[in-house]
Amino acid sequence: MKDESGQVIVIGGGAAGLMAAGTAAASGRKVLLLEKMETPARKIRITGKGRCNLSNSAELVEFMSHFGKSGKFLRQSFQQFFSGELVDFFQSRGLPVQHERGGRIFPAANDAPAVARVLIDWAKDCGVEFHTGERVSRLLIHDSEIRGVVAGGREYSARQVILATGGRSYPRTGSTGDGYRLAEQCGHTVIAPRPALVSLKTAKEQVRGLAKLNLRNISARLYINGSRKAQAFGELTFSGTGIGGPIILTLSTLAVDAIREKQRVAVHLDLKPALDDRKLDARLLRDLESRAKEPMESVLRGLLPQKMVPYCLREVEIAPEQIAGQLSAKLRKRLRTWLKDLRFDIIGHGSWEEAIVTAGGVKTSEVNPKTMESKRVKGLYIAGELLDIQADTGGYNLQAAFSTGWVAGQAAARVL
Ligand SMILES: Cc1cc2nc3c(=O)[nH]c(=O)nc-3n(C[C@H](O)[C@H](O)[C@H](O)COP(=O)(O)OP(=O)(O)OC[C@H]3O[C@@H](n4cnc5c(N)ncnc54)[C@H](O)[C@@H]3O)c2cc1C
């Protein structure tokens with residue numbers, strides 16, 4: 001099939017696809033964006049709990065470290081379009097940003113839907129033609145060169161196609177993993193997709209009575225087959241079925257892989273990370289002495305959130321009415337150990353419906369890191385979460401989608 005139009009086709013109207021489409025159109029190319037949902041950018045609208053943590057101000061090397069092994073692949077994209085360029089992009093289009101703890105960058109108005117609106121309006125102003133409600137089902141390839149796509153039974157021709165269909169997480173936003181099949185169809189290797197940045201499940205009785213409890217400034221250690229693999233400090237939330245919140249999401253990628261390989265996984269919490277064993281013992285002795293006549297139930301309220309007190313008493317096997325001044329040294333030691341090393345056996349992880357990102361995806365060694373062009377199919381570019389790139393929370397994942405989208409849009413526009 002001959003491409004008479006000279007158009008670039010972008011598949012998927014998420015962060016990567018919109019950035020790619022606008023960039024190619026701004027460089028003077030005719031661009032058609034095919035999005036299977038009725039509205040593009042559904043995922044962007046719900047990012048950052050509706051606030052959209054769109055990037056992070058960390059320096060390049062630290063930024064890349066949040067992607068683990070896949071960070072290296074992204075270096076050349078970040079060198080072309082990074083957080084500074086992204087902030088300028090949004091600020092110059094009437095969306096000021098604010099910087100928060102940990103370098104996180106948010107829109108000043110805390111408005112994720114506004115991020116989607118700015119991107120869509122910009123792409124339209126650049127001349128991108130949107131076809132929504134159109135799902136691409138096939139790529140047309142001839143002699144290892146892209147010739148077009150099939151969507152809704154209709155063939156669209158193009159010599160440059162940017163595949164930006166996202167991962168598999170939050171499928172109700174449209175990211176149902178179509179891109180993996182499309183990429184495999186043209187010879188790409190897909191590293192098995194797994195839910196990442198996801199909560200972890202424990203036996204129900206282990207979290208009984210703790211649902212919705214939020215703990216701040218605690219530390220969590222991840223153990224796989226009895227050996228310590230990672231640690232995170234910050235905030236944790238209990239649910240009726242397990243543990244979640246920022247520090248658990250951080251540990252979840254390693255945990256999910258280990259669970260799937262049927263390894264033994266446990267998370268140990270240190271509820272008093274600022275105190276070593278000696279200091280914690282001194283603190284306990286002080287509390288027990290100064291409140292010697294009170295029941296342990298009320299003494300523990302000074303050490304733990306209210307909801308955790310009955311849980312702690314049950315686990316450490318101290319009677320609620322036990323008089324503090326008469327607590328044995330053995331029980332005090334058991335309490336101290338519990339506070340520093342509260343253990344949860346992990347028996348599973350959250351589903352695709354609640355995973356923030358997808359680990360795995362199109363193997364990055366099969367994609368040119370300078371242009372995002374496929375090394376298997378000429379004229380095919382792959383951007384965003386569909387690639388085997390995934391990072392911690394903190395704005396890194398969206399920046400990677402924007403950066404790879406920008407690079408793909410530039411590169412596709414250059415070839416004619
Ligand atoms: C709840 C939640 C909160 C998040 N918060 C943050 C955050 O604050 N900061 C951060 O950095 N990251 C966050 N992320 C991750 C981030 O949103 C994603 O990494 C990023 O949006 C990926 O962009 P993408 O363009 O690659 O894919 P997507 O945004 O998933 O877009 C892919 C698009 O392709 C379309 N599509 C799929 N298949 C087809 C097809 N066959 N034909 C046509 N169109 C198709 C989909 O409908 C979709 O619109 C969050 C994710 C979730 C789920």
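Q: Which residues of H7 are buried?
A: In helix H7, residues 178–185, the buried ones are Asp178, Gly179, Tyr180, Leu182 and Ala183. Buried is under 20% relative accessible area, exposed over 50%, partly exposed in between (1.4 Å probe, protein chains only). Helices (H or I, at least four residues) and strands (E, at least two) are DSSP runs, numbered from the N terminus. The model is predicted: local features need pLDDT of at least 70, side-chain atom pairs count only at pLDDT 80 or more, and totals for chains, interfaces and linings use all residues. Residues are numbered from 1 along each chain as its sequence is written, and side-chain values use heavy atoms, leaving out hydrogens and water.

Q: What covers the buried residues of H7?
A: The cover includes strands E7 (136–142), E10 (160–163), E11 (190–196) and E18 (357–362).

Q: And just after H7, which residue has a positive phi?
A: Gly187, at about 95°.

Q: Switching topic. At what angle do H1 and H6 pack?
A: About 25°, with the axes of H1 (residues 15–26) and H6 (residues 112–125) 8 Å apart. H1 and H6 are therefore roughly parallel (angles under 35 degrees).

Q: Which residues make the contact?
A: Leu18, Met19, Gly22 and Thr23 of H1, with Leu119, Ile120, Trp122 and Ala123 of H6. Contact means heavy atoms within 4.5 Å.

Q: Where is Lys49?
A: In the loop between helix H2 (42–46) and strand E3 (55–56). Lys49 is not a glycine, yet its phi is positive, about 55°.

Q: Is Lys49 buried or exposed?
A: Exposed, because its relative accessibility is 84%.

Terms used:
Axes are lines fitted to C-alpha atoms, for helices over the stretch in contact, and angles run from 0 to 180 degrees between N-to-C directions. Angles under 35 degrees count as roughly parallel, over 145 as roughly antiparallel, 65 to 115 as roughly perpendicular and the rest as oblique.
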